[in-house]
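Thanks for making time this morning.

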Amino acid sequence: MTFDAEQVYQELHPRYQGRVRRNEPLSRHGTFGVGGPADVWVTLETSEELLDLVSLCMASAWPLLLVGNGTNVLYADAGARGVVARIALNAYTIEDRGDGTALLVAGAGVSWPRLLNDLAALGWGGLEFGPGIPGTLGGGVISNAGAHFGNLGEVLEWVDVVDARPNAENAPVVRHYEHAELDMSYRHSRFRSQRRICFNDEGQPVVAPRELIEPMEIITRLGVRLHRAEPQELRAKIEEFKQHRKRTQPPQQSAGSVFKNPEGDYAAHLIELAGLKGRAHGKARISERHANFIVNSGGASAADVVALIVEARRRVKEQFKVDLELEVELRGAWENRAT
């Protein structure tokens, strides 16, 4: 079935009004600041809207890519075909258990910075390791986001998902996963295995063939364990971690760490030893401040970023026999095909 973007836009507009757009530049929606247009862009504000859109796309065979804040994503220069929907489920509640702990029940679109400030003021600890994590809690589950010797998996209790994997009914299923079912480890969860980028024999990244709905398991809500703490101490710790990030990470547009740290070493250390700090390709550059960051110095393309990814991985593999694994996700129409 051919995807008619204008027809799909006309069908979705009565439902979402100004939240649906044609040919929306993805560069506006990723921290790299690169990426071409999405055929149709829509922002989803409730879990009901998300479930309805997934149902419609499955029934109509419309390609659908669901995204968060774009903090760990490199969008293709060719943009993305089909519908791209941002999950903006921003509500949360705190259920006080009366024993010095609480359960945070949060939508997948809740942002880390906003949430940490709120929790600190209320005297709830558990997530204060992450003030420099710019993404959403839902994205944090996928990559088991962490910093300063803490990670989300240590306090995550459960998640709810919309399962869009093919089934006999051709309809999404709402599922609940407890922590033990999530396979949480270093920068990994059960949801990450669907998104891993491999490299071919020439060292070029290979994006898996696109599914109709991506990801096929869409996180909508999560439960996080909190504990009582002094607001002043929480604010001090959060500020300390913020300042550390300012000192050690570049201020330019980026998507955070490009590669996972290999066992027993740091990707930044190996890239620096390979002599690549400051290496540029077009308007993209390996940061002089932190070699595991690629920054957009103004007008970079996704192709510029990929060229540096390929060179850094190749040089580290040649010199140190270490095969770096990509942490950044590639999304959209790579290699002039819907991927």
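I will begin with the cavity and then turn to the salt bridges.

Please keep in mind that this is a predicted model. The structure holds 1 cavity of 30 Å³ or more, and the volume of the largest cavity is about 40 Å³. Among the residues that line the largest cavity are Leu 116, Trp 124, Glu 128 and Ile 238. Helix H3 (112-122), strand E8 (124-125) and helix H5 (231-248) each give two or more residues to that lining, with H3 giving the most, namely 3 residues. Sorted by class, the lining comprises 7 nonpolar, 2 polar and 1 charged residues.

Turning to the charged side chains, the count comes to 25 salt bridges, and I will pick out a few. Arg 175 and Asp 163 meet in a salt bridge at 2.6 Å, N to O; because Arg 175 lies in strand E12 and Asp 163 in strand E11, the pair ties together parts that are 12 residues apart in sequence. Arg 175 is partly exposed, at 34% relative accessible area, whereas Asp 163 is buried, at 3%. Both belong to a network of salt bridges that also links Arg 165, Arg 190 and Glu 217.

In the pair formed by Arg 313 and Asp 323, the closest N and O atoms are 2.7 Å apart, and this pair connects helix H7, which holds Arg 313, with the loop between H7 and strand E20, where Asp 323 sits. Here Arg 313 is buried, at 9%, while Asp 323 is partly exposed, at 46%.

Key: Residues are numbered from 1 along each chain as its sequence is written. This is a predicted model: local features need pLDDT of at least 70, side-chain atom pairs count only at pLDDT 80 or more; totals for chains, interfaces and linings use all residues. Side-chain values use heavy atoms; hydrogens and water are left out. On a 1 Å grid over the protein atoms alone, a cavity is a set of points where a 1.4 Å probe fits but cannot get out, and a pocket is an open set with protein on both sides within 12 Å along at least five of seven lines; lining residues have an atom within 4 Å of a point. Grid points are joined across faces, edges and corners, and a volume is the space filled by probe spheres set on the points. Helices (H or I, at least four residues) and strands (E, at least two) are DSSP runs, numbered from the N terminus. Ala, Val, Leu, Ile, Met, Phe, Trp, Tyr, Cys and Pro count as nonpolar, Asp, Glu, Lys and Arg as charged, and the others, Gly among them, as polar. A salt bridge is a side-chain nitrogen of Lys or Arg within 4 Å of a carboxyl oxygen of Asp or Glu. Buried means under 20% relative accessible area, exposed over 50%, partly exposed in between (1.4 Å probe, protein chains only).
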